[in-house]
Amino acid sequence: MHEREALYGREQEQIQLDRMLTAARCGNGSAAVLYGEPAVGKTTILGDALQRATDFRILRCRGAHAESELSFAALHELLLPVTGRVAALPDPQARALGAALGSDPGPADPFLVRAALVTLLSTLAAELPLLLIVDDAHLVDDATAHALVFALRRLSAAPVVLLCAMRFDPAGTVWRGLPALPVTGLDEADARRLVEEQCGPVGALRVARVLEVAQGNPLALRELPSMTAELAGATRGSMLFGPRLRAVYHDRVAGLPGPVRTLLTVVAAETRGVHRVVSVSAGALGVTTAAWEFVARERLLAVGDGCVDMLDRLLCAAVHDAATPAERRAAHLAIAAALTAPGEEDLRIWHRAVAAEFPDEALAAALAEGAEHARYGSLVAAAMLRQAAAITPEPDAAAGRLAAAARFAWAGGDIESADSLLGRAADRISPAGLAIAGGGLAGLLEFVAGQPERAATLLHRDAALVTDPETAALLLEFAAQARWAAGLEEPPPPIHLTLGPDLPDTSGRTLPAETAAAVSMPGLGVETAVPMAVAEMAAQAAAPVMAAETGVPNPVSELSVSAGAVAVAAVAGGTAAAASTVVSDTPVGARITVPGTSIRGVEASVPASGAVTGGVEARIVRSGTVTRVADPEGPGDMWRGMGSADAVLRRLPPAPLVLLWGLGGQAIEPFGAAVAALRAAGAHPATVCLLPQLAIVQFANGRWAEAEETLAEAFELARSVGTANVLAQCYTLRAKIAALRGDSDTVLESAERALAIARPHRAHALIASVHWHLGFHALSKSDPEAAYLRLRTLAQPGHDARHPTYARLAALDMVEAASRVGRMEEAAAYAETIQAWAIRSRADWAISMAYACRALLSADDRADHWFQRALAPRRAAPELNNARIHLLYGKWLRRMRRRGDAAEHLRTARESFERMGATEWELRAQQELELTGRRLAPAATPGAGSVLTAQETRVARLAAQGLTNREIGAELFLSPRTVGHHLSRIFGKLGLSRRAELVDIDFDNGMRIVRPR
């Protein structure tokens, strides 16, 4: 028997066999014949039964072609371990059974042999329950089969179990008297699980194709993924078999008549199942009506409604795999000749190309031209270019077509094939040629699935090599994002400079008409406003650098037409006393988009005199060509008409940077609109890259349910298209959500999975994100030492978690953890970091966090002032941050013996945490509130509409539907233990005593009980 393999999806068979073994332990015998297609898993099921029968004596044998004509050959193998017990049988039986086994020269009387077998088996079973295993029973000799069936009919009252496995229904065989148990292919869920666990990372398209061909056959599911070539999911073409699968099907294929094999080869090669094409091409190869009748009678093919359907797809694939190259070429040429209908020209060229025995440039060019204008989608175009490359005589031309095929594969979401095809092209062409042919695809592939630092290097290299300026600009934008992900730098975001009246300046005042310029990220709305004089000053200061970079002698004076332009990223205070414009002829309300290359380190300051009052600092972040926009577009409109999915992705910065600049609220609409547009366009790579970003923004804005739905979609796509770094980002966000809810199991599992991807790729942004969420979780568990050790790495030089973006975003956590363990100098340094960022960015959240950090480190006579500044109404901090500050302020007030004020803030914190489902934080706020000695707010009575949090409501609804804790956890990304915790709270709030009573609750009408209990 084969080495034991893992068992998938055989619960029903296991239950049946367990019942038989249990009955045998109680003294009752039984038998079963498992039957099904080759390699469907019968032997594995028998092996599983052997593992379960540890208290049984085991006797087993296996049928073989070479021995099927030898009487009692299989019985000899079965009884070989107990031949010494034959002599103890009654003398006539001993002689007959000895003769059957070859140890006695006398005749083997059939009846005496069978009677002896009954006696021997009952004797053995009296000592230990007995399990008999007969594999490949269809090849067992008839004499052995008759003897075993005879014996089992007489041993129903003895602890003897017979399990047989065979390929055919036993109804027409010697075994027909025994109960039959059919074994079919695995269902889709179990088949997917087998592929995922046994074959490693496999792209979704390849998995889909394997599932279609394998039809649930476990051996095929194990072997086919490793045998499939690139773009296996693009068409329904043939697939190569592995050695074991080929051996299993060899006899069955060899036993088919020749014309039937030809017909099945044509059907497998034609792929579409068009009856007209199949019948004409098969007829040209000599297939007659008899072959069609045979496949219909044996249920191999079904013909009707103009289609030919493969009923046994795996057998058809096996026949095509067994065909000789000449037979396959003949089939494709016959199919090409039969494709005469209008619109079938591309298919005709395709089949001729597949049949080509030698390189053919004319045929390859025709196929490549058809691919560029293919009406069948990106993946079919990729497959056509791949085949064109295969028959291209010149290596450089072949490499160019391989790279083009890789581009189409990327656009179609088959990242696995794109990477393989580009690798083939790289072996045949120079880096410059590859960059031009692949459009910088190497760096994009590395960015989503490899090392961000290497991706940045590749993207910079290819941006210098490509000839198209727009492609070069796109690659440079991605390179900047890759460098950020690698922790190498923190690039400023793309900027819009909007001219218009009555915009508030950085201090909240309103400037007169035509005196303000507003700065924002693309599509995210206004970030801040700066005086026009400051913008003009910044432009003048940047002029020398811009002139050196752009070659424009006086770029500032030519800004209104086509020279370089600048934008101001941040201004600290100041107002303009006089109107001034950067672009003299730009109408009020128009928008200037400033693309191009970043200028580093150019700063200018204006003294507190003249037209500008107060200290002002301007930072030049972009230069390039001015684009005039007559009618400013709304944030949702910017995605309409976009020709490139990668361009859509490029125009939105990473979500953590959006949050860093305080634009989370404005980001919801453009991120959502971008995802919707990419979904509609079928742009799989761009969609999967953007989904986690959208989920981060949704989470930051308190849209918990939407974030979880987006995250679930992101997980599904990231697993399917092979974007490892995106998958790691999904795990980091899952860890964040689980940390908020106090689900330690999910936090640790998600963090471990994310780090397993991020560390080998040196993706420092991902590593930093994980460390932040682990530190946040430790704080929620009141473990400041563990939190400090995790969070300090975000600012620790040389550590792989060091990242300036996350060090700022996590500043409050870092200061709290460090101060609670007595690391006051480090806490002060962290506070200075967020203070500097608040001054630079003027983001409300950063200002609030800076004040809160200052409060944590201040003497008692100043802390109150800073806490109040942190909670100032104009500070639009996210709800989680706001609740944290209320909790910290409440704790401080309680220590200052201001219990009434403390209770107010702690109650606010507790209610906020409860709405968020932040159970651990809610518990901390509750404990602090109890320490104030103030009477708690009365608990909501059962039936109150707000009695349950949003998360508790979701758990309750699923539990009312009958789902188990584990099933609810899988649905909501929670551990079963956390689900149980939620249910205990739900029962207490609703006044219930058991789970079954949840079905009586009307969740849509105030949690009323609709039936008396």
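pLDDT is the predictor's confidence in each residue, from 0 to 100. Keep that score in mind as you browse these close-ups, because the model is predicted.

View 1. Across the chain, the average pLDDT is 78, and 79% of the residues score at least 70. Residues 493-643 have a pLDDT below 50, and the model gives this stretch 309 contacts beyond near neighbours in sequence. Residues 937-946 also stay under 50. For residues 937-946, the model has 13 contacts beyond four places in sequence.

View 2. How much of helix H2 is buried? Nine of its eleven residues are, so this helix, residues 42-52, is largely enclosed by the rest of the structure. Among the buried residues you can find Lys42, Thr43, Ile45, Leu46, Asp48 and Leu50. What covers them includes helix H1 (11-25) and strands E1 (30-35), E2 (57-62), E3 (130-135) and E4 (160-166).

View 3. Look for arginine 52 and aspartate 18, whose side chains meet in a salt bridge with an N to O distance of 3.0 Å. Arginine 52 belongs to helix H2 and aspartate 18 to helix H1, so the pair ties together parts that are 34 residues apart in sequence. Arginine 52 is partly exposed, at 33% relative accessibility. Aspartate 18 is partly exposed too, with a relative accessible area of 25%.

View 4. Is aspartate 321 buried or exposed? Its relative accessibility is 8%, so it counts as buried. Arginine 246, at 39%, counts as partly exposed.

**View 5. A salt bridge between two loops.** The side chains of arginine 272 and glutamate 344 meet in a salt bridge, 3.5 Å from N to O. Arginine 272 is in the loop between helices H11 (258-270) and H12 (275-284), while glutamate 344 is in the loop between helices H15 (325-338) and H16 (345-355), so the pair ties together parts that are 72 residues apart in sequence. Arginine 272 counts as partly exposed at 35% relative accessibility, whereas glutamate 344 counts as buried at 6%.

View 6. A search of the whole structure finds 37 salt bridges.

**View 7. Leucine 219 in helix H9.** Helix H9 (residues 218-227) is where you will find leucine 219. This leucine counts as buried, at 7% relative accessibility. Setting aside residues up to four places away in sequence, leucine 219 touches Ala39, Arg244, Leu245 and Val248. Leucine 219 and arginine 244 are 25 residues apart in sequence, and their C-alpha atoms are 8.0 Å apart in space.

**View 8. Threonine 793 in a loop.** Threonine 793 lies between helix H34 (784-791) and helix H35 (804-809), in the loop that joins them. With a relative accessible area of 5%, threonine 793 is buried. What is threonine 793 in contact with, leaving aside its neighbours within four places in sequence? The contacts are His771, His799, Ala801 and Arg802.

Notes: Residues numbered from 1 in each chain as written. Predicted model: local features only at pLDDT ≥ 70, side-chain atom pairs only at ≥ 80, totals over all residues. Heavy atoms only, no water. Buried < 20%, exposed > 50% of the residue type's maximum accessible area, 1.4 Å probe, protein only. Helix = DSSP H or I, 4+ residues; strand = E, 2+ residues; numbered from the N terminus. Contact = heavy atoms within 4.5 Å. Salt bridge = Lys/Arg side-chain N within 4 Å of Asp/Glu carboxyl O.
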